[in-house]
Amino acid sequence: MSDTHNSQNAHGGHGFETVAIHAGNTADPLTGAVVPPIYQVSTYKQDGVGGLRGGYEYSRSANPTRTALEENLAALEGGRRGLAFASGLAAEDCLLRTLLSPGDHVVIPNDAYGGTFRLFAKVVSRWGVEWSVADTSDPASVRAALTPKTKVIWVETPSNPLLGITDIAAVAQVAREAGARLVVDNTFASPYLQQPLALGADVVVHSLTKYMGGHSDVVGGALIVADPALGEELAYHQNAMGAVAGPMDAWLVLRGIKTLPVRMDRHSENATRVADMLSRHARVTRVLYPGLPEHPGHEVAAKQMKAFGGMVSFQVEGGEEAAVAVCDRAKLFTLGESLGGVESLIEHPGRMTHASVAGSALEVPGDLVRLSVGIESADDLLADLQQALG
């Protein structure tokens, strides 16, 4: 696996772990507090008309706690500007309305978060934006889906829920040739495991709710960009639309990020053990985890990721009802949507997180179970899955 994404050169002379703890987290000048305060405030006293103290006037436009998070996000992804939103979908909505106009075209992946698909299929399409589906793990498929009006190529890697892998550098080249922007949803990997901007992406999207927050106690989203001019455009639209991260949410994500490296190491270790066990289980017909050598994207993942992450999906014999039964029998794995928290979760994508893609090119198999492998004792997790499988 690549060490590029954890190198000191990528983070201004410091290692990723150091940046995660210190970027944006300067000591409070008034008290010396080592943690940025929660500025639970809506407006700010101005030093005369138009005289903004520190650039702050109203917390939709900017808030010091959110600024700290945004600086941290930009540093971790190696970007020039980071923006924090009320949710991942709020970030995506702002991005799409900034980059696209009626008549434009987007290439979307054939495996993606159901909420992202819903945004394209049910919301943005009503605005006159067209979209086509491509297998983004195959650059030729992406190229074939392009039209003269393509402005954005959208990628998830690893993808949700089938854990597909896209060669970011290869698709970035396709995007450059087409004059399109490459957007990479980096939620499953986190910047600790993968840094798309360094591989040629234009924009990175995160659901901060997941691994970045890491404790299932906050909802948030983020955009990080390499181009400062695009960052300014996004900031303008963020302020105009208003779906910003609140100060408490920003503070919670900042706190979570400080332990992101150690958490992701354990998530990856546990998920590897889970995937190995499932691949040997008689009732499991297929395991989807990029850390397995037989995974079709294994070599690309090993090249562009530091480790393979904490998400594992698998298919079971007996079809959809059998998959639902496995979810129902799990005890330590909590039945629930979302992912990326310290606790392990189990779900049935077809009936839960991906119900919105039913009947589309993104429809997921009925016999599929998705795991968010937490940081509990791996032996306990294995025992729970074995009893759930029966």
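Author: Cys94 is buried, at 1% relative accessible area, where buried means under 20%, exposed over 50% and partly exposed in between (1.4 Å probe, protein chains only). Cys327, at 3%, is buried as well. This is a predicted model, in which local features need pLDDT of at least 70 and side-chain atom pairs pLDDT 80 or more, while totals for chains, interfaces and linings use all residues. Residues are numbered from 1 along each chain as its sequence is written, and side-chain values use heavy atoms, without hydrogens and water.

Reader: How many disulfides are counted?

Author: A disulfide is a covalent bond between the sulfur atoms of two cysteines. With the criterion of a pair of cysteine sulfur atoms within 2.5 Å, the count is zero.

Reader: Which residues have the most contacts inside the largest nonpolar core?

Author: In soluble globular proteins, nonpolar side chains tend to be buried together. A nonpolar core joins buried Ala, Val, Leu, Ile, Met, Phe, Trp, Tyr and Cys residues through side-chain atoms within 4.5 Å. The largest one here has 83 residues, and Ile153, Leu182, Leu278, Phe314 and Leu371 have the most contacts inside it. Helix H10 (residues 260-279) contributes the most, with seven residues; helices are DSSP runs of H or I with at least four residues, strands runs of E with at least two, numbered from the N terminus.
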